[in-house]
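User: Please take me through reading side-chain features in this structure, with the general idea first and the case after it.

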Amino acid sequence: ISNYNVTPVAGTLTVGKATLTITAADKDREYGEANPAFTGSFSGEKNGETFTVGGSTAATATSPVGPYAITPSVTGATISNYNVTPVAGTLTVGKAPLVVTPADKTRAYGEANPTFNGTINTIKNNDAITISYSTSANKESEVGDYKIIATLSDPTSKLANYNVTLNEGILTIARATLTIKADNSTRQYSDPNPTFTGSVVSGAQNGETFTITGSTDATTTNAPGNYAIIPSASGATLNNYTLGKQSGLLTVTKEDARAEYTGLQFVRTSSATTNTAAVELKATIQDITAYNSAVDAQAGDIMNAKVVFVVKKFMDNTTVAEIPAILNYALTGDSKTAIATASHIFNIGTNDGEVFIVETVVNNYYVAEAEIVNINVSKPVNDFITGGGRVDIITAEGSMKPDRGSIHYGFNVK
């Protein structure tokens with residue numbers, strides 16, 4: 001080269017842009033949500049250079065379900081040295097969950113259904129989706145559980161963007177309260193219980209009617225007194241009610257009886273100097289059935305009667321003694337008739353004779369008109385007459401006529 005004179009002519013090195021491929025990462029989100037941050041990757045970089053890959057899409061929060069392209073973008077200090085080749089990603093908009101849960105409700109039988117409501121997770125984008133609730137139950141539906149169904153209305157056709165779950169609620173129809181009462185009733189001892197009746201006080205629904213009867217613990221052998229009548233009801237729809245009961249009162253009255261005094265009515269002391277005489281008081285006591293079964297055919301047990309002999313002075317009607325009697329059946333096997341007996345010592349003092357009144361009073365399970373007789377007690381002396389009796393007044397006339405009934409009289413004449 002030392003033999004040459006060198007004349008240089010410069011050339012040109014052209015450095016062309018490298019190819020940088022950027023790829024958007026696929027993303028997914030639910031309908032109605034904001035887009036996520038877009039990312040991506042790059043390849044073909046030189047000299048260890050780095051870049052930031054982002055992206056964009058046409059989809060917004062209101063975009064319906066479906067796939068949408070993600071267009072990648074890149075930034076970096078040396079990006080101008082590259083020809084960028086974009087590879088699009090996919091944004092998948094999935095269905096949002098829509099869960100409706102009706103609230104459980106309770107009402108009584110016969111009432112109108114309550115207002116139904118429920119809970120719903122958020123409806124997206126203020127979509128015009130509304131919810132209504134219904135049930136098959138009406139006022140006549142029987143006690144039990146009934147489904148509450150949710151129904152969605154979608155006038156703008158947005159439900160395709162949701163995974164819809166319609167839960168069911170429960171309407172519980174509880175028993176209504178039916179208050180019933182038993183009517184009061186009356187019967188005599190030994191009679192069978194009458195047919196008990198009653199009425200509905202309150203609570204009947206839907207115009208329903210019921211038959212009200214009653215029961216009692218009292219039987220034909222129970223003593224006179226008051227006994228509870230417990231009402232009960234029957235009817236086709238009674239299973240839909242809880243019963244509230246108002247008791248009635250069964251009044252058991254005393255059975256009718258008849259008393260007939262059968263003891264001695266003329267008695268002498270043992271001597272003219274003796275002032276007292278022991279007398280056996282005696283009466284026949286009969287259940288009404290024994291002497292008039294047409295009036296009452298249901299006989300009781302006459303031994304449930306109590307008999308008292310009331311001894312009074314004839315002259316002033318003052319009571320001398322009240323003597324409880326002992327009862328024994330008149331005939332074996334006959335519970336309708338008894339003999340009442342008691343002993344009493346009559347004292348006539350210094351009198352030669354005296355008239356006493358004896359009333360046979362029937363009580364306890366029975367009631368009878370008091371049998372009233374005179375008992376004449378006298379000393380066995382000469383020139384003395386004693387006697388007495390009863391006048392039964394059937395009819396009477398005149399301005400001074402007495403009342404109907406019996407007048408007892410007695411006399412002692414010396």
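User: Are Phe51 and Tyr82 buried or exposed?

Analyst: Burial is read from relative accessible area: under 20% is buried, over 50% exposed, and anything in between partly exposed, with a 1.4 Å probe and protein chains only. Here both Phe51 and Tyr82 are buried. This is a predicted model, in which local features need pLDDT of at least 70 and side-chain atom pairs count only at pLDDT 80 or more, while totals for chains, interfaces and linings use all residues. Residues are numbered from 1 along each chain as its sequence is written, and side-chain values use heavy atoms, leaving out hydrogens and water.

User: How many aromatic pairs does the structure hold?

Analyst: Rings of Phe, Tyr and Trp (its six-membered ring) pair if their centres lie within 6.5 Å; planes under 30 degrees apart are stacked, over 60 edge-to-face, the rest tilted. The structure holds nine such pairs. Phe51 and Tyr82 are edge-to-face, because their planes stand at 85°, with ring centres 5.2 Å apart. Phe51 is in the loop between strand E3 (40–43) and strand E4 (52–57), and Tyr82 is in strand E6 (residues 82–87), so this pair ties together parts 31 residues apart in sequence. Strands here are DSSP runs of at least two residues, numbered from the N terminus.

Tyr261 and Phe309 also make an edge-to-face pair, because their planes are at 90° and their centres 6.3 Å apart. With Tyr261 in strand E22 (residues 255–261) and Phe309 in strand E25 (residues 305–313), the pair ties together parts 48 residues apart in sequence. Tyr261 counts as buried at 7% relative accessibility, and Phe309 is buried at 0%.

User: Which residues do ring pairs link into a cluster?

Analyst: The cluster joins Phe42, Phe51 and Tyr82.

User: Over which ring does the charged end of Arg258 sit?

Analyst: A charge sits over a ring if NZ of Lys or CZ of Arg is within 6 Å of the ring centre and within 35 degrees of the ring normal. The charged end of Arg258 is over the ring of Tyr291, 4.3 Å from its centre.

User: How many salt bridges are there?

Analyst: A salt bridge needs a side-chain nitrogen of Lys or Arg within 4 Å of a carboxyl oxygen of Asp or Glu. The structure has five. In one of them, Glu33 meets Lys124, with the closest N and O atoms 2.7 Å apart. Glu33 is in the loop between strand E2 (27–30) and E3, and Lys124 in the loop between strand E10 (118–120) and strand E11 (130–135), so the bridge ties together parts 91 residues apart in sequence. Glu33 is partly exposed at 32%, whereas Lys124 counts as buried at 15%.

Lys312 and Glu359 meet in another salt bridge, at 3.1 Å from N to O. Lys312 is in strand E25 and Glu359 in strand E29 (residues 353–364), 47 residues apart. Lys312 counts as buried at 14%, and Glu359 is buried at 16%.

User: Which residues have the most contacts inside the largest nonpolar core?

Analyst: A nonpolar core is a set of buried Ala, Val, Leu, Ile, Met, Phe, Trp, Tyr and Cys residues joined through side-chain atoms within 4.5 Å. The largest has 40 residues, and those with the most contacts inside it are Leu281, Phe309, Phe346, Val358 and Val362. Strand E24 (residues 276–287) gives the most to this core, five residues. A second, separate core of 30 residues includes Val93, Ala176, Ile212 and Leu238.

How values were computed
Helices (H or I, at least four residues) and strands (E, at least two) are DSSP runs, numbered from the N terminus.
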